Amino acid sequence: MSWVPRSQVAGASPVTIAGLGAYLPERVVTNDDLAASGLDTSDEWIRSRTGIAQRRYAAADQATSDLALEAGKAALADAGMGTDDVAAVIVATTTPDHAVPGTAPLVAAALGTEVGAFDVNAACSGFLYGLRVGSAMALVEDAPVLVIGAETLSRIVDPTDRGVAILFGDGAGAAVLVPDAAGSLGPFSLGADGRDPSMLWTATGGTRTPVSAAVLEARSHYLTMRGGDVYRNAVARMTAAANDVLQRAGRTIDDVDLFVGHQANIRILDAVAQRVGVDRDRVHLTVDQHGNTSAASVPLALADARHRGRLHPGDTVLLTAFGAGLTWGACLLTWNPDPTSDEGTA
Ligand code: COA
C-alpha cells in the first residue's frame with residue numbers, strides 16, 4: 001500500500017520563532033593559536049580554504065549541556081517567557097555530555113522543568129531537524145517549545161589532525177517556537193543517506209567498536225573526514241534542499257530576504273549561494289568568527305543576523321544545513337518575532 005497524503009502538514013506551519021538565544025564560550029582560538037600549538041598550518045591556509053579566522057573553545061569544566069543552558073535561557077528571556085511556559089525541550093547535538101543519558105534532560109533540569117526533553121542527533125543538520133519536530137510539537141501541544149543546537153566539538157577533534165582541527169568550534173544557539181496564526185515555518189525538505197557514514201564520523205567509541213586501549217592508541221575515537229567528498233556532497237545536497245523548499249512553497253529565490261546556511265566553510269556557502277542564485281548581500285556569514293559549530297551553527301547565525309539588524313518583520317529567511325550521516329535539510333521561515341502582531345507578515 002502506498003501512502004496518500006491527507007493534509008497539507010508537509011507544508012508551512014503557523015509557527016513563529018518568538019525568541020532567539022546564543023552562547024559562545026569565552027576562549028577565542030585564532031588560526032595563529034592553532035599554528036602556535038604545533039599544528040602544521042597557517043592563518044593564510046585556513047582563511048583561504050575555509051574563511052575561518054577564529055573559533056571558540058569551551059572551558060575545561062564546560063560540557064554541551066552548559067552551553068545549551070545559556071543559549072536556552074537567553075532565548076526564553078528574549079521571548080519574554082519563563083521555563084513554565086515551555087511544553088518541551090529539544091537539544092540538537094552530536095557531542096552529548098554522555099552517551100547515556102541524553103543532554104536535553106540535563107538542560108531541562110537545569111532550567112527547572114520536568115517537561116518532555118530529548119536529543120536530536122542529525123549532526124550539523126540537527127537544528128533543522130529540531131525545528132521540524134519542535135514546530136509539530138508546538139502546534140499539537142498548542143504551547144511553546146524550546147529548540148537548542150549545542151556542540152562541544154573541541155572534545156571530539158584530534159588536536160594533532162590539521163585537516164579537521166582547524167574547522168570546528170564550540171557554541172550553542174536556541175529558538176523558542178510558538179504557535180502563531182500569522183507565523184510561517186516551512187516547508188521543510190529533510191534528507192539522509194547513511195550508505196557511507198565513514199565520509200564524516202567517529203569510527204569508534206560507539207556500540208560498533210567500543211573504546212579500548214587499541215582504539216585510544218589508534219586515535220580512531222576522534223572525528224575523521226574525507227574533506228573533498230564532504231565538500232561536494234554539502235554543496236549538492238544543500239542546493240537541492242533549498243531549491244526543493246522554494247519549489248514546494250511556490251516561491252523563487254527572489255522572494256528570499258536572507259539566506260542562512262550551515263556555517264561549515266565559506267567556499268561551500270558561496271557555492272550553494274551561487275547555485276541557488278542568491279547574491280552575497282543576502283547571505284549571512286558567521287563562519288569567520290565561529291568556525292563550524294555543527295548543530296549550533298544555524299541558530300547562532302540566526303541570532304547574529306538579528307543582532308546585526310538583518311531580520312525585519314515579514315522577512316522570508318531560507319535556512320539550509322548539511323552534516324554527517326549524511327543528513328541535510330532546508331526550510332523557509334517568516335521572521336515575525338511578536339506572535340501577537342500581524343504587522344508585516346507575508
Ligand atoms: N593547513 C595546511 N595544510 C593543510 C591543512 C591545514 N590545516 N589541512 C590539509 N592541508 C594540506 C593537505 O595535507 C594537502 O597537502 P598535500 O597536497 O601535500 O597532500 C593540501 O593541504 C591540500 O589538501 P586538500 O584536502 O586537497 O585541501 P582542500 O582544498 O580540499 O581543503 C578542506 C580541505 C577540509 C578545507 C575542504 O576539503 C573542505 O572544506 N571540506 C569540507 C569540510 C567540512 O565542511 N566538513 C564539515 C561539513 S558539516
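**Figure 1. The side chain of Gln62 reaches the backbone of Ala59 in this predicted model.** A polar atom of the Gln62 side chain lies 2.9 Å from the backbone nitrogen of Ala59. The Gln62 side chain also makes a polar contact with the side chain of Tyr23, at 2.8 Å. Gln62 sits in the loop between strand 3 (54-57) and helix 3. Is Gln62 buried or exposed? Gln62 counts as buried, because its relative accessibility is 15% and the cut-off for buried is under 20%. Setting aside neighbours within four places in sequence, Gln62 is in contact with Tyr23, Pro25, Leu67 and Arg155.

**Figure 2. The ligand is surrounded by 22 residues.** The closest are Thr41, Arg49, Arg162, Gly227 and Asn265. An N or O atom in the side chain of Asn265 is 2.6 Å from an oxygen atom of the ligand. A backbone N or O atom of Gly227 lies 3.0 Å from a ligand nitrogen atom. Trp45 places a polar side-chain atom 3.4 Å from a nitrogen atom of the ligand. On its own, the ligand has 960 Å² of accessible area, and the protein covers 68% of it.

Figure 3. Which helix gives the largest share of the shell? Helix 8 does, with 4 residues. By type, the shell divides into 10 nonpolar, 8 polar and 4 charged residues.

**Figure 4. Asn265 caps the N-terminal end of helix 9.** A side-chain oxygen of Asn265 lies 2.7 Å from the backbone nitrogen of Arg267. Asn265 is also among the residues closest to the ligand. Within helix 9, the buried residues are Ile266, Ile268, Leu269, Ala271, Val272, Ala273 and Val276. These buried residues pack against helix 2, helix 8, strand 11 (258-261), helix 10 (287-290) and strand 12 (316-323).

**Figure 5. Gly277 follows helix 9 with a positive phi.** The phi of Gly277 is near 95°. Gly277 belongs to the loop between helix 9 and helix 10. Gly277 counts as partly exposed because its relative accessibility is 39%, between the cut-offs of 20% and 50%. Neighbours within four places in sequence aside, Gly277 is in contact with Ile253 and Arg282. Gly186 is 91 residues from Gly277 along the chain, and their C-alpha atoms are separated by 20 Å.

**Figure 6. Helix 4 (residues 104-111) keeps its buried residues on the same side.** Those residues are Ala104, Val107, Ala108 and Leu111. Why do they share a side of helix 4? They cover an arc of only 100° around the axis, which puts them on the same side. An α-helix has 3.6 residues a turn, so residues three or four places apart point the same way. The cover over the buried residues of helix 4 includes helix 3 (64-79), strand 4 (88-92), strand 5 (116-120) and strand 6 (145-152). Just after helix 4 comes Gly112, with a positive phi of about 90°.

Figure 7. Most residues other than glycine have a negative phi, and most peptide bonds are trans. Pro101 lies in the loop between strand 4 and helix 4. Pro187 is part of strand 8 (residues 185-192).

**Figure 8. Ala123 and Asp142 have a positive phi without being glycines.** The phi of Ala123 is about 50°. Ala123 sits in the loop between strand 5 and helix 5 (126-141). Ala123 counts as buried, because its relative accessibility is 7%. Phi of Asp142 is near 55°. Asp142 lies in the loop between helix 5 and strand 6. Is Asp142 buried or exposed? Asp142 is exposed, because its relative accessible area is 60% and the cut-off for exposed is over 50%.

Definitions and conventions. Residues are numbered from 1 along each chain as its sequence is written. This is a predicted model: local features need pLDDT of at least 70, side-chain atom pairs count only at pLDDT 80 or more; totals for chains, interfaces and linings use all residues. Side-chain values use heavy atoms; hydrogens and water are left out. A residue is near a molecule or strand if one of its heavy atoms lies within 4 Å of it. A polar contact is a pair of N or O atoms within 3.5 Å; within protein, one must be able to donate a hydrogen and the other to accept it, and residues adjacent in sequence count only if both atoms are side-chain atoms. Accessible areas come from the Shrake-Rupley method with a 1.4 Å probe; for residues, only the protein chains shown count as cover. Helices (H or I, at least four residues) and strands (E, at least two) are DSSP runs, numbered from the N terminus. Ala, Val, Leu, Ile, Met, Phe, Trp, Tyr, Cys and Pro count as nonpolar, Asp, Glu, Lys and Arg as charged, and the others, Gly among them, as polar. Buried means under 20% relative accessible area, exposed over 50%, partly exposed in between (1.4 Å probe, protein chains only). The arc is that of the directions from the helix axis to the C-beta atoms. Contact means heavy atoms within 4.5 Å.
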